[in-house]
Amino acid sequence: MLNIFKNIELRYPIIQGGMAVRVSTAPLAGAVACAGGVGIIGATGMSVEELRREIRAARLLARQGTIGVNIMFAVRNFAELVKASLREKVDLVITGAGFSRDIFSWGKEAKIPIVTIVSTSRLAKIAEKYGAAAVIAEGSEAGGHLGTDLSVSEIIPEIKDSVKIPVIAAGGITDSGDIREMMKLGADGVQLATRFVLSEECAVADSFKAHYLNAREEDVVIIKSPVGLPGRAIRNVFSDALARGESPKIKCDNCLKACSKEYCILEALENSRMGRIDQGVIFSGKNVFKIKKILSVKKIFDELTLAFKDQ
Ligand SMILES: Cc1cc2nc3c(=O)[nH]c(=O)nc-3n(C[C@H](O)[C@H](O)[C@H](O)COP(=O)(O)O)c2cc1C
C-alpha cells in the first residue's frame, strides 16, 4: 500500500483525471477506485445537488476505494462545490486551473487533503506553502485547459526539485511504459484522463468515443477557450468554426468567474458528451491516437499496473 496523500492508502498511485462536463461521473470514478486507483468525479458544470448524488453513487460502487472530486477554480460555484464535497467526506479534493488560499484551510478543518494542478515550480511552491497535500504537474500533452506549453517530461524534474510534497505527473500518459518513464523522472504517481475516456465505464455518448478512436495525431488541436486559457481538443466542425472566428450565440448564466463570452464552454462540452459532436468541444489529450481500444477499467488497470511489477 502506498501513501502519497496524507492518510490515504492506495494500491496504485494512479489517478483518473477529473473531466468536466459530466465526462467523469460515478460509474467511471467508482470503477477506478475498485481497481485500486483514485476515482475522480469532474464537478465542473454540476450543481451541489448533482455532485452530492454522484459522490454517493461512486461510494456505493466502491465502498473501500478512494473517491475524490476535481473542481475548476474558474467556476462561480467553486466554493459551494468544495464545501459540499468536504461535507460528503470525499477522500480528496483536486482544484484545476488555479486555487485560492482559503480552500486549504477548509481542507485542514475537514481533515481532507487538497491537491492542486500546477504547471510551474513557482505555483507548486505556493501550493505547498498554503498546505497542498500534493501537486499534479500537468504538461502540455494534457487534454482540456492548459497552463503551459512545456512537456510533462520537462516540468517534472524541476517541480520535483522545488517541493517536498508528492508530485503526480499528468499529460499524454497512456500505458505502463509511459508510467515507468514518469516514475524514472521522479514522479510519485500519475494522472491519466484520455485513456479512461476510452473505457466501457465512461458515460459519454458512443459518438464521442468514436471521435477519440478515429483521431489521428494531426487531428488534435489547440482551441481558444472563453476561460482565457488555450484548450487541447480533437478537431471537428465546431473547432474549425472557432478557428475561422465564428462562434455560436450563447445563453449566458454567468457560471464562470471570468469569461470572454465568445461562446459557452460548458454548453459546448455538454453538447459533445451528449453526442451533439458538431456543436461541441471534444477535449482530449495529445496522445489519444495511441489508444486503439475501448476496454473495461479493470483491463486498463491490468496493463497500467505492469509499471509497478518487476521487469
Ligand atoms: C474530456 C476532458 C475533460 C477535462 N476536464 C478537466 C476538468 O474539469 N478539470 C481539470 O482540472 N482537468 C480537466 N481535464 C484534464 C485532465 O484531468 C488530465 O489532467 C489531463 O487530461 C491528463 O492528460 P491525458 O488526458 O493525456 O491523460 C480534462 C481532460 C479531458 C480529456
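User: What should I know before I start reading the numbers?

Analyst: Residues are numbered from 1 along each chain as its sequence is written. The model is predicted, with local features needing pLDDT of at least 70 and side-chain atom pairs counting only at pLDDT 80 or more, while totals for chains, interfaces and linings use all residues.

User: Let's begin with a strand. Is strand 6 buried or exposed?

Analyst: Helices (H or I, at least four residues) and strands (E, at least two) are DSSP runs, numbered from the N terminus. A residue is buried if 20 or more other C-beta atoms lie within 10 Å of its own, exposed if 12 or fewer, and partly exposed in between, with C-beta atoms placed from the backbone. Here 5 of the 5 residues of strand 6 (residues 92-96) are buried.

User: Which residues of strand 6 point one way, and which the other way?

Analyst: In a regular strand the side chains alternate between the two faces of the sheet. In this case Leu92, Ile94 and Gly96 point one way, Val93 and Thr95 point the other way, and all are buried.

User: How many bridges does strand 6 make with strand 5, and how many with strand 7?

Analyst: Two strands pair if DSSP finds at least two bridges between them. Strand 5 joins strand 6 in the parallel sense over 5 bridges, with Asn70 opposite Ile94. From strand 5 the chain passes through helix 3 (residues 78-87) to strand 6 in a right-handed β-α-β crossover; right-handed means that, with the strands pointing away from the viewer, the path from the first strand over the helix to the second runs clockwise. Strand 6 also pairs with strand 7 (residues 114-118), in the parallel sense over 3 bridges, and Val93 has Ile114 as its bridge partner in strand 7. The link from strand 6 to strand 7 runs through helix 4 (residues 102-110), and this β-α-β crossover is right-handed.

User: How far apart are the C-alpha centres of domain 1 and domain 2?

Analyst: Domain bounds come from an automatic or database domain assignment, which gives domain 1 (2-203 + 292-308) and domain 2 (206-288). Their C-alpha centres lie 22 Å apart. The contact (C-beta atoms, placed from the backbone, within 7 Å) takes 24 residues from domain 1 and 24 residues from domain 2. Strand 9 (144-145) and helix 8 each supply at least two residues of the domain 1 side.

User: Finally, which residues are closest to the ligand?

Analyst: A residue counts as near a molecule if its C-beta atom, placed from the backbone, lies within 6 Å of it. The ligand is surrounded by 29 residues, the closest being Gly17, Gly96, Gly143, Gly144 and Gly285. Each of the two domains, domain 1 and domain 2, gives at least three residues to this shell. Strand 5 (66-72), strand 11 (189-192) and helix 8 (194-197) each supply at least two.

Methods:
Two residues are in contact if their C-beta atoms, placed from the backbone, lie within 7 Å.
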